[in-house]
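Here is a short report on one protein model. Please keep the sequence and the 3D view open while reading.

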Amino acid sequence: MRLDKLLANMGVGSRKEVRQLLKAKKVTLNGKIIKDASEKVNPDKDKVCVDGEPIIYQEFIYLMLHKPPGVVSATVDAKDKTVIDLLSEQDRRFQPFPVGRLDKDTEGLLLVTNDGDLAHQLTSPKKDVPKMYRAKVKGDLPYDIVQQFAEGITLDDGYHTKPAKLKILSPKDESGISEIEIEITEGKFHQIKRMFEAVNGKVIYLKRHRMGNLELDSQLPIGTYRPLTEEELAYCFSLRAR
Ligand code: URA
């Protein structure tokens, strides 16, 4: 990797600022002053310092984001604000992306990373990682809905979903709204909304609380994010070994 790229990626400054630092002889590579921005570095072995301070290279970033409604789970969008717009400039340098889509109006747990392999482990239906949501649903739900969801539901396009675990948290109130908890292991387009539509229910509020063992941090204000803890990271990496 080029020295100027490493320094810029680690937030030392823009490429232009990095070039100025190099010119000012402030950058050392394994103890030797380097002025050439294109110098090749091995981030695993070489020691890079700026003003004598070591620069620790980090390739991947793993963030837990509490997605608010109204932003889209994409990296760029012509019309809407994206979840990436909620990140600091420093974190955006890692070119992270959201793992698994949440609809624009859905809120809750979203993992944001630049680790494509991990994203695959968490979202591949083959891996059977359960995703738990809580929802408010309007309408008369069938008496045997728990059983129906356990057997899988045929969606409007004919696709039969994998089994879903459904719990009724509070039955229909006077406005016709029930509160439910649902666990699914796939992520088809609008899956939960379409599963309820298939039984004449309308999801009016949806929030993801859990993906595998990753639980939305109850202390994390909506619209904000934090790095994964060591324990959360250890869980993520354990998925790879499965
Ligand atoms: N199912 C949906 O319908 N929407 C989401 O955002 C996530 C799951």
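## Helix packing

Helix α4 (residues 116–123) and helix α7 (residues 230–240) have axes that come within 9 Å and cross at roughly 80°. Axes are lines fitted to C-alpha atoms, for helices over the stretch in contact, and angles run from 0 to 180 degrees between N-to-C directions. Helices (H or I, at least four residues) and strands (E, at least two) are DSSP runs, numbered from the N terminus. The pair α4 and α7 is therefore roughly perpendicular (angles of 65 to 115 degrees; under 35 is roughly parallel, over 145 roughly antiparallel, the rest oblique).

From α4, Asp117, Leu118, Gln121 and Leu122 take part. They meet Cys236, Leu239 and Arg240 of α7, where contact means heavy atoms within 4.5 Å. The residues of this contact divide into four nonpolar, one polar and two charged. Ala, Val, Leu, Ile, Met, Phe, Trp, Tyr, Cys and Pro count as nonpolar, Asp, Glu, Lys and Arg as charged, and the others, Gly among them, as polar.

## Basis of the model

This is a predicted model: local features need pLDDT of at least 70, side-chain atom pairs count only at pLDDT 80 or more, and totals for chains, interfaces and linings use all residues. Residues are numbered from 1 along each chain as its sequence is written, and side-chain values use heavy atoms, with hydrogens and water left out.

## Domains

The protein is divided into domain 1 (3–54), domain 2 (62–125 + 227–240) and domain 3 (130–211). These bounds come from an automatic or database domain assignment. The centres of domain 1 and domain 2, taken over C-alpha atoms, are 29 Å apart.

## Ligand surroundings

Leu102, Asp103, Thr106, Tyr133, His190, Gln191, Ile192, Lys193 and Leu206 surround the ligand (a heavy atom within 4 Å).

A backbone N or O atom of Asp103 lies 2.7 Å from a ligand oxygen atom. For His190, a backbone N or O atom lies 3.3 Å from an oxygen atom of the ligand. A polar backbone atom of Ile192 is 3.1 Å from a ligand nitrogen atom.

## Positive phi

Most residues other than glycine have a negative phi. Lys25 has a positive phi near 60° and sits in the loop between α2 (15–23) and β1 (27–29). Asp128 has a positive phi of about 55°. Its place is the loop between α4 and β8 (131–138).

Methods. Polar contact = N/O pair within 3.5 Å; in protein donor to acceptor, adjacent residues only side chain to side chain.
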